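Subject: Structure handover

Hello,

I am passing on the structure we spoke about.

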Amino acid sequence: MWQILRQAVRIGICPKSSAREESEPVLMSPAEVSDRQLQADLRAALGRALSIRVVDAGSCNGCELEINALSNPFYNMEGEGIHFVASPRHADLLLVTGPVTHNMAQALVDTWQAMPAPALVVAVGDCGCTGGIFGEEGASRGRVSAVIPVDAHVSGCPPRPSAILAAIRSAVQGVAGA
Ligand code: SF4
């Protein structure tokens, strides 16, 4: 304690406000600029906030982690007017992860049918796009498009959050005719 006080007297205390004024301006990385432009394009195409429902049709949860990252301060998805909803009745767009298991197939169809038009669908990850490592056998029906119509695909195992945002924009721009 005394050592800390002696050091404070000797070298002084740097107040937070002056430290902030003296700091370098924050520069956004090219990826961050791209992401923010992506979000701006999304809002321009739809003309209002976008509500998203996520369905895990049988994933390993790797894709869910990347989807969750969209809500962190870096991607700031909710700050741009894009948010997740609990009910398909409130959703414009459905993100589907994983291969579709037989046990989830009907639930996925019911969810999609409960959505109001345009009921956009984005298949997320290699599993959602093709069935991935699980294929179309055993408990798996494979790709999402084998069960419901898909507007955009994003491959990767798992795909990066930026790629998921790009697929969301692609789906929205497709319906907006942009
Ligand atoms: S694409 Fe990869 S991360 Fe996503 S559910 Fe399939 S195995 Fe998991």
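The notes below go from the overall fold to the ligand and then to one residue in a loop.

Please keep in mind that this is a predicted model.

Overall fold. The protein has seven helices and five strands. The protein has 178 residues, and 37% of them are buried. Counting contacts between residues at least 6 apart in sequence, 79% are between residues at least 24 apart.

Ligand. There are 13 residues around the ligand, and the nearest of these are Ser59, Gly62, Gly125, Cys127 and Cys157. Two or more residues of this shell come from each of α4 (62-69) and α6 (125-130). The biggest contribution is from α6, which supplies three residues. By residue class, the shell around the ligand holds six nonpolar residues, six polar residues and one charged residue.

Arg48. This residue sits in the loop that runs between α3 (30-46) and β1 (50-56). Is Arg48 buried or exposed? Arg48 has 8 C-beta neighbours inside 10 Å, so it counts as exposed, since the limit for that class is 12 or fewer. In sequence, Arg48 is 34 residues from Ile82, while their C-alpha atoms are 9.1 Å apart in space.

Regards

Technical notes: Residues numbered from 1 in each chain as written. Predicted model: local features only at pLDDT ≥ 70, side-chain atom pairs only at ≥ 80, totals over all residues. Helix = DSSP H or I, 4+ residues; strand = E, 2+ residues; numbered from the N terminus. Buried ≥ 20, exposed ≤ 12 C-beta atoms within 10 Å, placed from the backbone. Contact = placed C-beta atoms within 7 Å. Near = placed C-beta within 6 Å. Nonpolar A, V, L, I, M, F, W, Y, C, P; charged D, E, K, R; others polar.
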